[in-house]
Amino acid sequence: MVLVDPGPLPHPLAASTDISKAVRAAYGADEIYTELAERAIPIWRKWNAEFGVELYHEVSVMFVRHRQNGAGRF
């Protein structure tokens, strides 16, 4: 197996190196991702309590649309 890494580490364009992450539970028809988010959020809350540091900050977001949302239209 060969791994090619464009470097540097961490890569400045990688989403994983951004200072803000998002856990969202709205994935339209991709129900598996919604389920994963619903399982992850309580774990983040637990870690906040265990470590005594707010690693996960819960905030809100609102989407405004002209058309009704539905499966596969997120």
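Me: Let's start with the rings. Which residues form one aromatic cluster?

Reply: Trp44, Trp47 and Tyr56 do. Before going on, note that this is a predicted model, where local features need pLDDT of at least 70 and side-chain atom pairs count only at pLDDT 80 or more, while totals for chains, interfaces and linings use all residues. Residues are numbered from 1 along each chain as its sequence is written, and side-chain values use heavy atoms, with hydrogens and water left out.

Me: How many aromatic pairs are there?

Reply: In general, a pair of aromatic rings is described by the distance of the centres and the angle of the planes. The rule here: rings of Phe, Tyr and Trp (its six-membered ring) pair if their centres lie within 6.5 Å, and planes under 30 degrees apart are stacked, over 60 edge-to-face, the rest tilted. That gives two aromatic pairs. Take Trp44 and Trp47: their ring centres are 5.3 Å apart with the planes at 80°, so this pair is edge-to-face.

Me: How many helices and strands does the protein chain have?

Reply: One helix and zero strands. Helix α1 covers residues 31-51. It has 21 residues and reaches 31 Å from its first C-alpha to its last, close to the 30 Å expected at 1.5 Å a residue; the expected span is 1.5 Å times one less than the number of residues.

Me: Which residues of α1 are buried?

Reply: Thr34, Ala37, Ile41 and Asn48 are. They cover an arc of only 45° around the axis, which puts them on the same side of α1; the arc is that of the directions from the helix axis to the C-beta atoms. On the other side of α1, Arg39, Lys46 and Phe51 are exposed. Just after α1, Gly52 takes a positive phi of about 70°.

Me: How many salt bridges does the count come to?

Reply: The general idea first: side chains of opposite charge can pair when their charged atoms come close. With the rule that a side-chain nitrogen of Lys or Arg lies within 4 Å of a carboxyl oxygen of Asp or Glu, the count comes to three.

Me: Which residue pairs with Arg45?

Reply: Glu58, with the closest N and O atoms 2.7 Å apart. This pair links distant parts of the chain, Glu58 being in the segment after α1 and Arg45 in helix α1, 13 residues apart. Glu58 is partly exposed at 46%, as is Arg45 at 42%.

Me: Last one, the surface. Which residues make the nonpolar patch?

Reply: Ile43, Trp47, Phe51, Val53 and Leu55 make one of about 470 Å². Patches take residues with over 30% relative accessible area and no salt bridge, joining like charges within 9 Å and nonpolar side chains (Val, Leu, Ile, Met, Phe, Trp, Tyr) within 5 Å. Val53 is in the segment after α1 and is partly exposed at 44%.

Me: And what does the accessible surface of the protein chain come to?

Reply: About 7000 Å², of which 59% belongs to carbon and sulfur atoms. Areas come from the Shrake-Rupley method with a 1.4 Å probe, and for residues only the protein chains shown count as cover. Buried residues make up 7% of the 74 residues in the protein chain.

Methods. Helices (H or I, at least four residues) and strands (E, at least two) are DSSP runs, numbered from the N terminus. Buried means under 20% relative accessible area, exposed over 50%, partly exposed in between (1.4 Å probe, protein chains only).
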